[in-house]
Structures are given as structure tokens and as C-alpha cells.
Amino acid sequence: MKTAVALLCTLGLLFTTNELRAQPVLYGATAAGGPGSLYTINPLTGAMISNIGPLNDALGANYPITGLAFNPVTGLLYGSTGNSVASSAAKLVSINPATGLVTVIGSFNAGPVNSSGTPSTMADLAFDSAGNLYGVGSIGGPQLYSINLLTGQATVIGSTGLTSTTGGGLGISPGGTFYGTPTASRFGTYNSGTGAYANIANPVKPVGGAYGALAFDGNTLYGLNLGSTPAQTHLVTFDLGTGVIADLGASVGNLDAIAFSIVPEPSTVALLLAGAVGLIFNRRLRK
């Protein structure tokens, strides 16, 4: 019995410690015309915490990433690839957040190509709370798309009436509101059923350019300001009602995508703890 009690105390301590320490991790990926690499970012300052490594597949091919999103149901990390390299252009991929290993799922097949034959990719990605994936197209206007997780196929939901994507950030709140930065001068919301866009404000850009990525950490919306040159990026937070930003600081050069990891609900951790405790006492009673 002493052993069981000791183990119970240890598990209780671990549970308490995990509750105190469990915080989502902010990941960032590079593109903006350069190679893809995966980083962890300080959400308080925008500074790099760690360089996880290049975003390569098993054969060593590199994938610049324009959008990142964690599936809230499975915890898996997904990305949208840039369209500067034909062999890796405009695809949905999954990413191992511990190593940066990329696995290709399939092409978006979304929207028109530009005059040089470049296909449209997703400027940003976001999941709703049910695990449905959405994106904003990079060519043919910042239209809202739904994305098939098994094939990568993107299906346009409807037209925004806007013809050019400059930014294209997308973030979905816990309550299901779709926020976007479709162009450099716009911050607003998308109608998830029709794709229609409603503007809130012209947000301040600390380094010029546009907002190429949005991501929620709970009820706080973060944005990535891509400057007039790829080396300039700043992390900010948005006031959801007014579009007023708080500039947190400079971030990694060429960064083009951000996403917060999924932290298990306290109830989930409690169930795991209860199961472990039950197993311990059952084993003791059998002896």
C-alpha cells in the first residue's frame, strides 16, 4: 500500500506541475521566396526560441511554407507549400513539429494560375474547433476555401469580391468567427457559409507590407506582419473589435506562417491521471 500511496502522490505532483506548465507553443515557418525552415517563437516578444530545422521530406526536398495550422481534434500540424518551385508548389502537407519532416498529402488544385503558370496556393490555413480546415487563396483574389485533409483538394466557398491577395492571413476564433487580412489595408471577418468578407479596419503595419498569417492562442489573435522586404517581420496581437494592434517585436526573417500547438484540456489530463491511479490500486488488490 505504501508503494501505491507514493505513486499516487507522485502522479498528483506531476498533474499539478503539468497544469502549471502547460502552455501552447508558437511555431513559425519560412517561405517568402526563401527555403522552408521550422522555428519556435517567443509569443511575448516575437524572437526566435529555437530553429527546429529545414522543412524537408524523406528524400531531402525542401518545402517553403505559407500557412501553418494544428488540428484541434488530432493535434497534427499541417502546412501549405509555396508556389515558387514547381515540384513542390501549392500542396497540403503534414509536418512533424519535433523534426520539421514534411509529408505531402496532395495538391490544392485551387483557383487560376498567374501569367507565368504559377498555381494558386493557400496564403494561410486555419482549423475550426471541429477539425475542418480552411484556407485563403493566393491567386485570383483572397477567396475562402475548404480543404480536404485526405487529398489536399481545395473547394472555394464563395467570392469576396476582392481580386488580389496581399497578405491573406486567416484565423478562426474558438467561437467560430473567421478573421482575415485579405489585403494590406484590410482586417475583418469572413462568412464561413458564403465566403463574403466584411471589413473592420485598416490595421497599422509596424514594418509596412501586409499581414500574411494569423493564429489564435485561446481568445487572443496574433498576426505576422510581413514587411516590405522578406527580412522584416513583426509579431503583433489584434483587438478583435477594432483591429487595433499591439506590436510585440521583430521576428525571424522570411517568416511567413505561424500556429499555436494544441494543449490537452485539463479534463483530459485528469482522466488520464484517474486511469493511472485506478490501474495502480487494481494491481495492489490482486497481490
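Select residues 13-21 to begin: in this predicted model, pLDDT (the predictor's confidence in each residue, from 0 to 100) stays under 50 over that stretch. The model has 5 contacts for these residues beyond four places in sequence, a contact being heavy atoms within 4.5 Å. Next, select residues 267-287, where pLDDT again stays under 50 and 18 such contacts are found. Where pLDDT is low, the predicted coordinates should not be read in detail. For the protein chain, the mean pLDDT is 87, and 84% of residues reach 70 or more.

Residues are numbered from 1 along each chain as its sequence is written. In this predicted model, local features need pLDDT of at least 70 and side-chain atom pairs count only at 80 or more, while totals for chains, interfaces and linings use all residues; side-chain values use heavy atoms, with hydrogens and water left out.

**The sheet β3-β2-β1-β20**

Now display the open sheet of 4 strands in the order β3-β2-β1-β20, which is antiparallel in its pairing. Strands (E, at least two residues) are DSSP runs, numbered from the N terminus, and two strands pair if DSSP finds at least two bridges between them. At the edges stand β3 (48-54) and β20 (255-260); each has a single partner strand, so one side of each is left without a neighbour in the sheet. From one strand to the next, the twist averages 25°, with axes taken as lines fitted to C-alpha atoms and angles running from 0 to 180 degrees between N-to-C directions.

Select β2 (residues 37-41) together with β3: the two run antiparallel and are joined by 5 bridges. Leucine 38 has glycine 53 of β3 as its bridge partner.

Select alanine 90, in the loop between β5 (77-81) and β6 (91-95). Its phi is near 55°, a positive value in a residue other than glycine. Alanine 90 is buried, at 4% relative accessible area (buried means under 20%, exposed over 50%, partly exposed in between, with a 1.4 Å probe and protein chains only).

Asparagine 254 comes next, in the loop between β19 (245-250) and β20. Phi of asparagine 254 is near 70°, also positive in a residue other than glycine, and this residue is partly exposed, at 24% relative accessible area.

Proline 230 sits in the loop between β17 (220-226) and β18 (233-238) and is partly exposed, at 43% relative accessibility. Show glycine 34 with it: the two are 196 residues apart in sequence and 8.7 Å apart in space, C-alpha to C-alpha.

**The second largest pocket**

Finish with Thr66, Ala123, Gly167, Leu226 and Asp256, the closest to the centre of the second largest pocket among its 20 lining residues. This pocket holds about 370 Å³ of space. Each of β8 (122-127), β16 and β20 supplies at least two residues of the lining. A pocket, on a 1 Å grid over the protein atoms alone, is an open set of points where a 1.4 Å probe fits, with protein on both sides within 12 Å along at least five of seven lines; lining residues have an atom within 4 Å of a point. Grid points are joined across faces, edges and corners, and the volume is the space filled by probe spheres set on the points.
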